[in-house]
Amino acid sequence: MDHQSTFVNWFRNSSPYIHAHRNRTFVIFFGGNAVTERDFDNLIHDFALLKSLGVRLVLVHGIRPQIDEQVTEHGNTPQFHHHLRITDATTLQYVKQAAGLVRVEIEALLSMGVSGSPMAGAKIRVASGNFVTAKPLGILDGIDYCHTGKVRRIDAQAIHQQLDQQNVVLISPIGYSPSGEVFNLSAEEVATEVAIALQAEKLILLTEQNCVSPDDNQPIQQLTTAQVSALLQDTPTLPDEVARSLRAAMQSCLKGVQRSHLINRHVDGALLLELFTRDGIGTLVSSTAFETIRQATLDDIGGIMELIKPLELQGILVKRSREKLEMEIGDYIVIERDGLIIGCTAFHLMNDGSSAEIACLAVHADYQKGARGNSLLEYLGNKAKTEHIQRLFVRSTQTVHWFVERGFTPCEIDDLPEPMKSAYNYQRNSKVLYKDV
């Protein structure tokens, strides 16, 4: 495939995600390390692209390395307890300096509009403010955390107002008390609480490394909140930074955020790969399973038609009109993966009440190696038992062996129940098979 075809296919495949993300609120966290990298402007360009595609964008940045640098330069040693900084009065001044410097630098990069650059014509307005009310963390384990605080309240209404005005909202890990005190906060906690308060569609955590399985050291593609909890409990050797991000992702999803993503920021374009490709590149966390088999609804008709169209053109499936799908949608089962239909089948009950036909079994070409056809067949087998169906029938032109391998037996057309027998298309010359439940 040439470069033009590759680009066209990629662009077409990304269009469902472009539509899905428009006017959605994403909260994106990145640590202070990202700001110091030479290629940080690439990340800024990706933020600008999201904004241009209609994403309502809230950025929460960290400042830990910047504070450490200030403390060290003045001959002191950064003080932590349970991975939280102890912020005395002197350190608080460094926190204020670091927050101000980083915020201004990010605003400057987001303001770029040089002709010929990726930011040309972006015209991004950045809004910052006292959106975070905080309170002191206090004394824990006998340790006084001084000016280190925790989030008390997020002014979600004020943030939404800025987003409604097409602004990008930039938030530093600083909180303020009603009495005018300033507190140093965990940036991950701020991002989590902001995402929850806004009921954002996504919390995206740009991490310093991949989230990998402790069993085989391979990247983990997806986790439910229950799986995250088990992973944190059973794997004390998880890197602290990954554990913090996983906790943030879990907490946000448990409190209403639809999806959280952990993405290794060191991979160029990782943010775009995660958001605009089918399988992504990071670790997705959700409160429920990322991929589910369920009863179809009328809202699924467009996705089903897009899925089966290539198979209809090849003659593998009989062409079905939208009207027919609408009439029979109660018979359809789909596999949904992060909002997209990647598999489907139909379960048509026969007039005799004891048999049913399996029809329109299809799995998207990109997902045919994951035994999803088996999963659909198993789902229908269980459905048949529940509804006291004794025999399943299927018609096939090109997948006969697949069904035979799964226990189906060829039979004659005269063996078919009505209305399968009267509706049989002799021009297609389909093979017919059955399986007793």
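What follows is a dialogue on this predicted model, from its overall make-up to single residues.

Trainee: How many helices and strands are there in the protein?

Mentor: The protein has 14 helices and 23 strands. Its C-alpha atoms fill a box of roughly 90 × 55 × 40 Å along the principal axes. Of the 437 residues, 45% are buried. Among contacts with a separation of 6 or more, 70% involve residues 24 or more positions apart.

Trainee: How should I read a sheet, and in what order do the strands of the sheet with S1 and S2 run?

Mentor: Begin with the general idea: strands of a sheet pair through backbone hydrogen bonds, either parallel or antiparallel. Here, 8 strands form an open sheet with mixed pairing, in the order S5-S10-S2-S1-S13-S15-S16-S14. Its edge strands are S5 (126-127) and S14 (222-224), each of which pairs on one side only. S14 runs parallel to S16 (residues 283-286), to which 3 bridges join it. Thr224 stands opposite Ser286 in S16.

Trainee: Which strands does helix H7 touch?

Mentor: Helix H7 (residues 187-198) packs on this sheet and touches S1, S2, S10 and S13 (202-207). The direction of H7 makes about 175° with that of S1. Helix H5 (residues 89-110) lies across S1 (25-30), S2 (56-61), S5 and S10 (168-171), and runs at about 145° to S2.

Trainee: At what angle do helices H6 and H7 pack?

Mentor: Helix H6 (residues 156-164) and H7 pack at about 80°, with their axes 9 Å apart. H6 is therefore roughly perpendicular to H7, a description that covers angles of 65 to 115 degrees. Ala156, Ile159 and His160 of H6 meet Val194, Ala197 and Leu198 of H7. By class, this contact has 5 nonpolar residues, 1 polar residue and no charged residues.

Trainee: Which residues have the most contacts inside the largest nonpolar core?

Mentor: They are Val27, Val58, Ile159, Ile171, Val190, Val194 and Leu246, in a core of 44 residues. Take Val190 as a case: leaving aside neighbours within four places in sequence, Val190 is in contact with Val60, Val132, Val151, Ile171, Pro173 and Leu185. Apart from this core lies another, of 41 residues, which includes Leu43, Ile63, Ile174 and Phe276.

Trainee: Let us turn to single residues. Is Gly373 buried or exposed?

Mentor: Gly373 counts as buried because its relative accessibility is 12%, and the cut-off for buried is under 20%. Gly373 is found in helix H13 (residues 372-386). Beyond its neighbours within four places in sequence, Gly373 is in contact with Leu361, Val363 and Trp402. Gly373 and Met327 are 46 residues apart along the chain, and their C-alpha atoms are separated by 24 Å.

Trainee: Which backbone values deserve a second look?

Mentor: As a general rule, most residues other than glycine have a negative phi, and most peptide bonds are trans. Asn23 is not a glycine, yet has a positive phi of about 65°. Asn23 is found in the loop between helix H1 (3-21) and S1, and counts as exposed at 56% relative accessibility. The place of His388 is the loop between H13 and strand S21 (391-396). With a relative accessible area of 65%, His388 is exposed.

Trainee: Which residues does a cis peptide bond join?

Mentor: A cis peptide bond joins Glu418 and Pro419, with omega at about 5°. Pro419 is placed in the loop between S22 and S23.

Key. Residues numbered from 1 in each chain as written. Predicted model: local features only at pLDDT ≥ 70, side-chain atom pairs only at ≥ 80, totals over all residues. Heavy atoms only, no water. Core = buried A, V, L, I, M, F, W, Y, C linked by side-chain atoms within 4.5 Å. Buried < 20%, exposed > 50% of the residue type's maximum accessible area, 1.4 Å probe, protein only. Contact = heavy atoms within 4.5 Å. Pairing = 2+ DSSP bridges. Helix = DSSP H or I, 4+ residues; strand = E, 2+ residues; numbered from the N terminus. Axes fitted to C-alpha atoms, helices over the stretch in contact; angles between N-to-C directions. Parallel < 35°, antiparallel > 145°, perpendicular 65-115°, else oblique. Nonpolar A, V, L, I, M, F, W, Y, C, P; charged D, E, K, R; others polar.
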